[in-house]
Amino acid sequence: MDLKRVSNEDKLSLCRKYYVGGFAMLPFLWFVNSIWFFKEAFIHSSYDEQKQIRTYVIRSIIGTVVWIAILITWVVVFQTNRVSWGELGDRLSFILPRGIA
């Protein structure tokens, strides 16, 4: 979609939908929102809805960074402690069974 062809109200509505969608365990939407609307929020000439779009973009960036930090922390903790957790570590891991050769 070309944002140049969309009205400012529709841009704000779409930006809000992507921001709210990130809370539905879809943090990739925050990343897309921050990339897609970055120019609208910070570079383009000023218009009425721009302040609200900027707020959603900043919050989306923060949400993306927090989600990535949580994911990296979990991967590091899991990988370093999986063996010491014993059977629980095995249940939490996803291991594909080997095929019959």
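Confidence comes first. The protein chain averages a pLDDT of 86, and 85% of the residues score at least 70. Helix 2 sits at the top with a mean of 94, while helix 5 (residues 87-92) has the lowest confidence, at a mean of 66. Where pLDDT is low, the predicted coordinates are not something to read in detail.

On the charged side, there is one salt bridge in the structure. Glu40 pairs with Lys11 here, and the closest N and O atoms are 3.2 Å apart. The pair ties together distant parts of the chain, with Glu40 in helix 3 and Lys11 in helix 1 (residues 8-22), 29 residues apart. Both partners fall below the 20% cut-off for burial: Glu40 counts as buried because its relative accessibility is 6%, and Lys11 is buried too, with a relative accessible area of 7%. In general, side chains of opposite charge can pair when their charged atoms come close.

Glu40 also turns up in the surroundings of Gln50. This glutamine lies in helix 4 and is buried, with a relative accessible area of 3%. Leaving aside residues up to four places away in sequence, Gln50 touches Glu40, Ala41, Phe42, His44 and Ser45.

Turning to the rings, the structure holds eight aromatic pairs. One of them joins Tyr19 and Phe23 in an edge-to-face arrangement, 5.3 Å centre to centre and with 85 degrees between the planes. Another pair, Phe28 and Phe31, is tilted, with 6.0 Å centre to centre and 35 degrees between the planes. Because Phe28 and Phe31 are three residues apart in helix 2 (residues 28-36), about one helical turn separates them. Phe28 is exposed, with a relative accessible area of 57%, and Phe31 counts as partly exposed at 40% relative accessibility. Beyond individual pairs, ring pairs link Tyr19, Phe23, Trp30 and Tyr56 into a cluster.

Phe38, Phe42, Ile43, Ile58, Ile61, Ile62, Val65, Val66 and Ile70 form a nonpolar patch, with about 790 Å² of accessible area together. Helix 3 (38-42) and helix 4 are the elements that give two or more residues to this patch. Helix 4 provides the largest share, six residues. Val65, a patch member, has its place in helix 4 and is exposed, with a relative accessible area of 53%. Phe42, also in the patch, is one of the residues touched by buried Gln50.

Definitions and conventions
Residues are numbered from 1 along each chain as its sequence is written. This is a predicted model: local features need pLDDT of at least 70, side-chain atom pairs count only at pLDDT 80 or more; totals for chains, interfaces and linings use all residues. Side-chain values use heavy atoms; hydrogens and water are left out. Rings of Phe, Tyr and Trp (its six-membered ring) pair if their centres lie within 6.5 Å; planes under 30 degrees apart count as stacked, over 60 as edge-to-face and the rest as tilted. Helices (H or I, at least four residues) and strands (E, at least two) are DSSP runs, numbered from the N terminus. Buried means under 20% relative accessible area, exposed over 50%, partly exposed in between (1.4 Å probe, protein chains only). Patches are made of residues with over 30% relative accessible area and no salt bridge: like charges are joined within 9 Å, nonpolar side chains (Val, Leu, Ile, Met, Phe, Trp, Tyr) within 5 Å. Accessible areas come from the Shrake-Rupley method with a 1.4 Å probe; for residues, only the protein chains shown count as cover. A salt bridge is a side-chain nitrogen of Lys or Arg within 4 Å of a carboxyl oxygen of Asp or Glu. pLDDT is the predictor's confidence in each residue, from 0 to 100. Contact means heavy atoms within 4.5 Å.
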